[in-house]
Amino acid sequence: MAASMRERALVTGASVGIGRAFAEELALRGRDLVLVARDAARLEQAAHDLSRRHSVAVEVLVADLLTDDGIAAVAARLASLPAIDLLVNNAGRGSHGEFAAVPPSEHLELLRLNVAALVELTHAALRPMLERRHGAVLNVSSVAAFQPVPREAVYSATKAFVLQFTEALYEELRGTGVTVSALCPGLTHSEFQLRSGTEPTRLPSFMWQEASAVARAGLDALEAGRALVVPGLHNKVLGHLSNVTPRSLARAASGAVVRRLA
Ligand SMILES: NC(=O)c1ccc[n+]([C@@H]2O[C@H](COP(=O)([O-])OP(=O)(O)OC[C@H]3O[C@@H](n4cnc5c(N)ncnc54)[C@H](OP(=O)(O)O)[C@@H]3O)[C@@H](O)[C@H]2O)c1
């Protein structure tokens, strides 16, 4: 296919972890790419590597999604040409610790990155996609969305927002030619735990997934037009249990697990 005709995806948080795995998998599927994150050196290295190995065009867009300027720069790229056919809202951060012990500024940063930036970028992407009646958005939530998680109260609430928001849009967008899906990973090897100070070393290895498997599951679900995907059998079982368990019991179980691991 001619380069100008190829579909183009914009991935936020593409410098490392699940976002870097999305970039790899999308390049493998023949998509041109726009890679977004703050670490310019890592993005340039990824762009060089992916364009060489997969013969795709890769743009680098260095942006801090905690700033108005950073969000505006990515929104402007979503509205310009060559058109973006797929937005992957993957950039995100965790937090750990008792709510009252963490400075409010940290809680607000988490809301800004995990929620506000995702909403703004989804809006910026959807307008041109709806005009063309073609496009897709993949929002990265978490299994933490399925129940409240003590000591990660704000993080789990941001991911519940992403899930609820995405499922509402899924229904709203029916018949428009534009689709949206939510990806809810469980524990995944990346820099996430290190950056959030949440390394759960006492959890068994079978509970961990590779970022590549998580990214593949998300893209497969999007292509199949599914509203929601939970990668990994163990995560699916946990998600199902959360759905069928009374809210008070799910909340208490989550509290007991967190107290045991603390
Ligand atoms: N790993 C898990 O166990 C897990 C489980 C469930 C859900 N998730 C979700 O998966 C997504 C990806 O996480 P990950 O595990 O791949 O984490 P990660 O390895 O820490 O990667 C996070 C990515 O987000 C980018 N990022 C962070 N702050 C940013 C900012 N202010 N502006 C722009 N980009 C920023 C980082 O790039 P720079 O530092 O270069 O900016 C990096 O590329 C997140 O939404 C996370 O909540 C992860």
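Start by selecting Arg151: at 30% relative accessibility this residue counts as partly exposed, a class that runs between the buried limit of under 20% relative accessible area and the exposed limit of over 50%, with a 1.4 Å probe and protein chains only. Arg151 sits in the loop between S5 and H5, and its phi is near 70°, a positive value in a residue other than glycine. Helices (H or I, at least four residues) and strands (E, at least two) are DSSP runs numbered from the N terminus.

The model is predicted: local features need pLDDT of at least 70, side-chain atom pairs count only at pLDDT 80 or more, and totals for chains, interfaces and linings use all residues. Residues are numbered from 1 along each chain as its sequence is written, and side-chain values use heavy atoms, with hydrogens and water left out.

**The same loop, next stops**

Move on to Glu152, which is found in the loop between S5 and helix H5 (153-172). Is Glu152 buried or exposed? Glu152 is buried, with a relative accessible area of 18%. Now display its contacts, meaning heavy atoms within 4.5 Å. Leaving aside neighbours within four places in sequence, Glu152 touches Ser95, His96 and Thr198. For a distance label, pick the C-alpha atoms of Glu152 and Phe99: they are 53 residues apart along the chain and separated by 7.7 Å.

Then select Phe146, also placed in the loop between S5 and H5. Its relative accessibility is 19%, so Phe146 counts as buried. Beyond its neighbours within four places in sequence, Phe146 is in contact with Leu163, Cys184, Val230, Gly239 and Ser242.

**Zoom out**

Show the whole chain as a cartoon. The protein has nine helices and seven strands. Along the principal axes, its C-alpha trace spans about 55 × 40 × 35 Å. The radius of gyration is 18 Å, which agrees with the value near 18 Å for a compact globule of 262 residues; this radius is taken over C-alpha atoms, and the globule rule is 2.2 Å times the number of residues to the power 0.38.

Of the 262 residues, 50% are buried. Among contacts with a separation of 6 or more, 71% join residues 24 or more positions apart. Switch to a surface view: the accessible surface comes to about 12,700 Å², and 57% of this belongs to carbon and sulfur atoms. These areas come from the Shrake-Rupley method with a 1.4 Å probe; for residues, only the protein chains shown count as cover.

Colour by charge next. The mean positions of the 27 positive and 26 negative charges are 5 Å apart. Lys and Arg count as positive and Asp and Glu as negative, while His and the chain ends are not counted. Each charge is placed at NZ of Lys, CZ of Arg, CG of Asp or CD of Glu.

**The nonpolar cores**

In soluble globular proteins, nonpolar side chains tend to be buried together. A nonpolar core here is a set of buried Ala, Val, Leu, Ile, Met, Phe, Trp, Tyr and Cys residues joined through side-chain atoms within 4.5 Å.

Select Phe22, Leu26, Leu33, Leu35 and Leu86: these have the most contacts inside the largest nonpolar core, which has 32 residues. Elements giving two or more residues to this core are strand S1 (8-12), helix H1 (17-28), strand S2 (32-37), helix H2 (40-54), strand S4 (86-89), strand S5 (135-140) and helix H7 (211-223). Which element supplies the largest share of this core? H7 does, with seven residues.

A second, separate core has 28 residues, including Leu65, Leu113, Ala117 and Ala124. Of these, take Leu113, which lies in helix H4 (residues 104-132) and counts as buried at 14% relative accessibility. Apart from neighbours within four places in sequence, Leu113 is in contact with Leu65, Leu66, Ala91, Gly92, Arg93 and Leu118. The C-alpha atoms of Leu113 and Ala91, 22 residues apart along the chain, are separated by 7.4 Å.

**Two backbone details**

Go to Pro82, in the loop between helix H3 (68-79) and S4. A cis peptide bond joins Leu81 and Pro82, with omega about -5°.

End at Ser55, in the loop between H2 and strand S3 (58-62). Ser55 has a positive phi of about 55° although it is not a glycine, and this residue is exposed, with a relative accessible area of 55%.
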